[in-house]
Amino acid sequence: MRILLAEDEKDLSRALKAILEHSKYAVDAVYDGQEAVKYASENAYDAMILDIMMPRLDGVSALKQIRASGNYTPALFLTAKAEIDDRIAGLDAGADDYLTKPFAMGELLARVRSMTRRAGTYTVKKLKIGSVALDTSEQELSCENSIRLASKETKLMEYFMTNAGKPLSTDEIFNHVWAEDEQADPKIVFMYISFLRSKIRAVNGDIEISGSEGETYVLRSVSGGDVN
Amino acid sequence: MNGIYGEYKPVLEEIKNDFQRRIEEYTEQEYQKSGIKIYEHLISRVKSEESMSEKCRRKNLPETPDSALMEMHDSIGLRIVCSFIEDIYTNIRYIKSFPDCRIVDEKDYIRHAKPNGYRSYHMILEVQYPYADLCGNNPGKYYVEIQLRTIAMDSWAALEHKLKYKKNVANQELIIAELKRCADEMASCDVSMQTIRDLITGTEE
């Protein structure tokens, strides 16, 4: 799983990064709110950890911008003990949890685990990229025609649509979609991408998933839906 | 002979049998080449004179051979039912290569499904046959309708047909909605089966 860490105190950032990486998370560390917005728009994360007081753009404003772009990645704020107003503003801006400094590392890791477990419940039910719509509760993909998707296909399509335009590696996809399935083999990723590609064609969709087997994939809109 | 087809009834039977034979022939040829049987079953019929008369009446046309053979295009009908979606398009390529046939109309309800979920490929062909037609052309011109679909599409269409011709079905709107959902689920299976076949044979890049 991949985490975006926005914390301007270099020492704390370094310590957090080391501990998260020790727990097998991939971590992108940034040091201000503007960078956080930029990274969130370019990469797919499973969780975000944001400090509130940061230079250039504070954490609350950064999260507001991230949420406004349709990004519902679980987010946790780090706040100073006295800042009750900040905690309220942070939760109202779309944060899922907060932790007051100083905190125990064990608690931070437990909260990250808890957030990523619940990730699915935060996403919107209806997504749209180009003219292609996905209804996650009905598991229906539609454009000119409509077609039903299997549950893993729906989860994969949802992951692509909430991260449209961002490159997603086979590993990231596998860890996100097949996280709870211990028997799964990463080779399944390409097979499901093949299913989605044919189903996007079957509804005459104006989007495509580019990328070769075992590599990085990107979902993008294309002009001209019908490719008879 | 005072049925709606008049003297043409045997000709229609002959054209139907000839088409059936040609489809069986290219299917055998394709099987020798690729090992794939590109249709699962094939049915053909000449529309009964009673249904043809009834259809002309419904459309306010005189019940004459001219209406039945020139205005209507489905006196001769064939249905090709395939295991896989791509097999449908292979059949279409063979049919389009018939030298004595002209495609008058074709509708791809597979790529462009009807709102109720109906999926099939329809073609109307104009074929030449060495028997003078009503306009005096010799060889004469006759129409043949061909429908192509997968087994899943075929069983769906059979059920939908039952609904269409039964009056006062309980919970009709609910049934229509659920039939649509079934059509989309069956289409999903058809597409997945095709994708798996492509992955096995290595044609999926």
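Of the 205 residues in chain B, 27% come out as buried in this predicted model. Looking at how chain B is put together, there are six helices and five strands, and a walk along the sequence gives the order α-β-α-α-β-α-β-β-β-α-α. As for what touches what within chain B, take the contacts with a separation of 6 or more: 63% of them link residues 24 or more positions apart.

Chain A, for its part, is split by the domain assignment into domain 1 (2-121) and domain 2 (125-221). Between the C-alpha centres of these two domains of chain A there is a gap of 26 Å. Where the two domains of chain A meet, each of them, domain 1 and domain 2, puts in six residues. On the domain 1 side of that contact in chain A, the tally is three charged residues, two nonpolar and one polar.

Then there is the meeting of the two chains, where 15 residues of chain A are in contact with 14 residues of chain B. On the chain A side, strand S9 (146-148) and helix H8 (188-202) each bring at least two residues to the contact. The biggest giver there is H8(A), with six residues.

Note on methods:
Residues are numbered from 1 along each chain as its sequence is written. Chains are lettered from A and ligands numbered from 1 in the order in which they are written. This is a predicted model: local features need pLDDT of at least 70, side-chain atom pairs count only at pLDDT 80 or more; totals for chains, interfaces and linings use all residues. Helices (H or I, at least four residues) and strands (E, at least two) are DSSP runs, numbered from the N terminus. A residue is buried if 20 or more other C-beta atoms lie within 10 Å of its own, exposed if 12 or fewer, and partly exposed in between; C-beta atoms are placed from the backbone. Two residues are in contact if their C-beta atoms, placed from the backbone, lie within 7 Å. Domain bounds come from an automatic or database domain assignment. Ala, Val, Leu, Ile, Met, Phe, Trp, Tyr, Cys and Pro count as nonpolar, Asp, Glu, Lys and Arg as charged, and the others, Gly among them, as polar.
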